[in-house]
Amino acid sequence: MTNSSNPPVAVVTGAARGIGLATTQLLLEDGWHVAMIDRDEPELMKVSNGLTGARPFVCDVSVPEDVDQMARQVLAWSGRIDALVNNAGVADFGPMADTDFKRWRTVMETNLDGVFLCSQALIPALKQTHGAIVNIASISGLRASTLRVAYGTSKAAVIHLTKQQAAELGEHNVRVNCVAPGPVRTKLAIAVHSPEIIAAYHDAIPLNRYGAEHEIAQAIVFLASPKASYITGQVLAADGGFESTGVGLPALRTKLDK
Ligand SMILES: NC(=O)c1ccc[n+]([C@@H]2O[C@H](COP(=O)([O-])OP(=O)(O)OC[C@H]3O[C@@H](n4cnc5c(N)ncnc54)[C@H](O)[C@@H]3O)[C@@H](O)[C@H]2O)c1
């Protein structure tokens with residue numbers, strides 16, 4: 001898709017593993033160059049080693065000084081930025097009564113502040129290329145559930161931030177969209193999905209399975225690419241049908257099997 005002498009450049013946060021790493025790999029396959037951002041330095045250095053066209057930048061997206069420095073370093077390396085994928089995220093599931101302010105802030109500072117900070121730092125460069133932002137929310141931001149007072153609220157805020165950004169950046173020809181993944185068996189999910197939660201997800205998902213990292217990456221790369229040139233302000237749920245489904249799915253599925 002790209003001119004190899006002048007490849008487009010994407011910045012992917014949370015790129016050391018999971019959905020961010022799968023997105024990096026897919027962008028590289030499509031001819032992009034990728035600035036891989038993560039705060040887990042050992043893992044980032046290990047996985048970026050040998051990825052042609054990728055360059056690691058250690059940065060905590062929740063720290064304004066880190067983000068400003070990262071923006072300067074990426075631009076010094078690439079000279080341009082065509083897409084920003086705000087993917088870095090943390091999950092912490094717990095009842096409201098146990099979610100003290102420290103736990104709340106830990107979730108908000110990465111999941112929401114990080115999206116805000118990275119976008120603010122890179123929007124000037126994106127305006128120059130008429131680029132795109134893809135923010136990663138979650139089905140937990142589309143539908144409320146127990147245990148997600150901080151996580152679900154942070155992701156709902158990312159969905160609205162996406163629309164704010166799209167509204168204001170449209171006249172600069174910068175598109176902003178959001179992918180809301182369903183459950184994917186990454187390190188983040190394994191830490192918070194109990195066997196009961198896994199069983200409940202299967203009951204609530206028409207495709208009746210977890211997603212894979214590369215299936216979420218396909219949606220992200222599409223929205224980042226010029227193939228989505230007339231799409232902005234949208235939330236694409238890559239979730240096996242979870243968000244569109246109402247009550248009674250397991251019972252109906254059983255009936256249809258007969
Ligand atoms: N896995 C799922 O089931 C699922 C579902 C819905 C949404 N999501 C969202 O997808 C995104 C990626 O999740 P994943 O499952 O691949 O998680 P993961 O834990 O496998 O990877 C997240 C990466 O982000 C990095 N990171 C976290 N906080 C950071 C910070 N402050 N600064 C820089 N890097 C930071 C981590 O070091 C890690 O490499 C997250 O935003 C997550 O909320 C995941």
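Predicted model: local features only at pLDDT ≥ 70, side-chain atom pairs only at ≥ 80, totals over all residues.
Visitor: What makes strand S5 mostly covered?

Guide: A residue counts as buried if 20 or more other C-beta atoms lie within 10 Å of its own. In strand S5, which spans residues 132-136, five of its five residues are buried, and the strand is therefore described as mostly covered.

Visitor: How do you know that S4 and S5 pair?

Guide: Two strands pair if at least two bridges are found between them. Strand S4, residues 83-86, and S5 are joined in the parallel sense over four bridges, so they pair by that rule. Along this pairing, Ala83 stands opposite Ala132 in S5, and Leu84 stands opposite Ile133 in S5.

Visitor: Where do the residues of S4 point, and are they buried or exposed?

Guide: Ala83 and Val85 point one way from S4, whereas Leu84 and Asn86 point the other way, and all are buried.

Visitor: What makes S1 and S4 a pair?

Guide: The rule asks for at least two bridges. Strand S1, residues 9-13, is joined to S4 by three bridges, and the two run parallel, so they count as a pair. One of the links is that of Val12, whose bridge partner in S4 is Val85.

Visitor: Which strand pairs with S5 over five bridges?

Guide: That is strand S6, residues 175-181, which pairs with S5 in the parallel sense. Ile133 stands opposite Val176 in S6, and the bridge partner of Ile136 in S6 is Val179.

Visitor: What is the order of the strands in the open sheet?

Guide: The open sheet has seven strands in the order S3-S2-S1-S4-S5-S6-S7, with parallel pairing.

Visitor: Why are S3 and S7 called edge strands?

Guide: Strand S3 (54-58) and strand S7 (235-238) are the edge strands, and each pairs on one side only. Neighbouring strands of this sheet are turned by 20° against each other on average, with direction ignored. H5 packs on the sheet, touching S5, S6 and S7, and its direction makes about 165° with that of S6.

Visitor: Which helices take part in right-handed β-α-β units with S5?

Guide: One such unit is made by S4, helix H4 (residues 101-129) and S5, and another by S5, helix H5 (residues 149-169) and S6.

Visitor: Why is H4 called roughly parallel to H5?

Guide: H4 and H5 pack at an angle of about 15°, with their axes 9 Å apart. Angles under 35 degrees count as roughly parallel, and therefore H4 is roughly parallel to H5.

Visitor: How does H4 pass H5, and which residues meet?

Guide: H4 passes H5 in a right-handed crossing. The residues of H4 that meet H5 include Trp104, Met108, Leu112 and Phe116, and those on the H5 side include Tyr151, Val158 and Leu161.

Methods:
Residues numbered from 1 in each chain as written. Buried ≥ 20, exposed ≤ 12 C-beta atoms within 10 Å, placed from the backbone. Right-handed = clockwise from strand over helix to strand, strands pointing away. Axes fitted to C-alpha atoms, helices over the stretch in contact; angles between N-to-C directions. Parallel < 35°, antiparallel > 145°, perpendicular 65-115°, else oblique. Left-handed = near helix turned anticlockwise from the far one by under 90°. Contact = placed C-beta atoms within 7 Å.
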